[in-house]
Amino acid sequence: MPDLPAGLRAQKIGGMTRRPIVLALMFAPLLSGCVASSMVGLATAPVRAGARAVNTTADVYDRVTVSQSERDEKRGRQMRQREERYGRLSRDYDRARNRCEHGDEDACEEARGLYGQMSDLRPSVPYEPD
């Protein structure tokens, strides 16, 4: 057996050697940081999981609910789309009516159809005086 310091030599104590006990005591301070870190990690895990659950719930709630400003934006977008559609119908109607005045019967039929679509859409388009 090699020459070891007196504290590290295997000595029998009640049928057990002392070396493992001494080594464990020597490495205990080094392990305490790892153990403490693990204990802190284990202790804070439920809190972190709870915070994630709250954030997830809040995100779902935000996706499900619609704020007043979002409703206003959606309504404004729908109004603008109706105005654009009415403008396209109006231009197409003017072209068809012009061709109708020059004797194109198909254009007259097209103008009547476009005028009907404009009449259906007119109540939902806001009126803005010039």
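Reply: Helices and strands here are DSSP runs, numbered from the N terminus, with helices (H or I) needing at least four residues and strands (E) at least two. On that basis the chain has three helices and two strands, and along the sequence they follow the pattern β-β-α-α-α. This is a predicted model, in which local features need pLDDT of at least 70 and side-chain atom pairs count only at pLDDT 80 or more, while totals for chains, interfaces and linings use all residues. Residues are numbered from 1 along each chain as its sequence is written, and side-chain values use heavy atoms, with hydrogens and water left out.

Me: Where is confidence lowest, and where is it highest?
Reply: With pLDDT being the predictor's confidence in each residue, from 0 to 100, the lowest mean, 52, falls in strand S1 (residues 12-13), and the highest, 93, in helix H3 (residues 105-121). The chain averages 75, and 50% of the residues score at least 70. Where pLDDT is low, the predicted coordinates should not be read in detail.

Me: What does Leu 121 touch?
Reply: Counting contacts as heavy atoms within 4.5 Å, and leaving aside residues up to four places away in sequence, Leu 121 touches Arg 82, Arg 85, Tyr 86 and Leu 89. Across the chain, residues 24 or more positions apart account for 40% of the contacts with a separation of 6 or more.

Me: Switching to charges, how many salt bridges are there?
Reply: Defined as a side-chain nitrogen of Lys or Arg within 4 Å of a carboxyl oxygen of Asp or Glu, salt bridges number seven in the whole structure.

Me: Which one links distant parts of the chain?
Reply: Glu 110 pairs with Arg 99, with the closest N and O atoms 2.8 Å apart. This pair links distant parts of the chain, since Glu 110 lies in helix H3 and Arg 99 in helix H2, eleven residues apart. Glu 110 is partly exposed at 37% relative accessibility, and Arg 99 is also partly exposed, with a relative accessible area of 37%.

Me: What about Asp 94 and Arg 97, how far apart are they in helix H2?
Reply: They are three residues apart, about one turn of the helix, and their salt bridge has its closest N and O atoms at 3.6 Å. Asp 94 is partly exposed at 37%, and Arg 97 is partly exposed at 36%. Together with Glu 101, these two residues are linked in a network of salt bridges.

Me: Are Arg 112 and Glu 109 buried or exposed?
Reply: Both Arg 112 and Glu 109 are exposed, and their side chains meet in a salt bridge with an N to O distance of 3.1 Å. Within helix H3 they are three residues apart, a separation of about one helical turn.

Notes. Buried means under 20% relative accessible area, exposed over 50%, partly exposed in between (1.4 Å probe, protein chains only).
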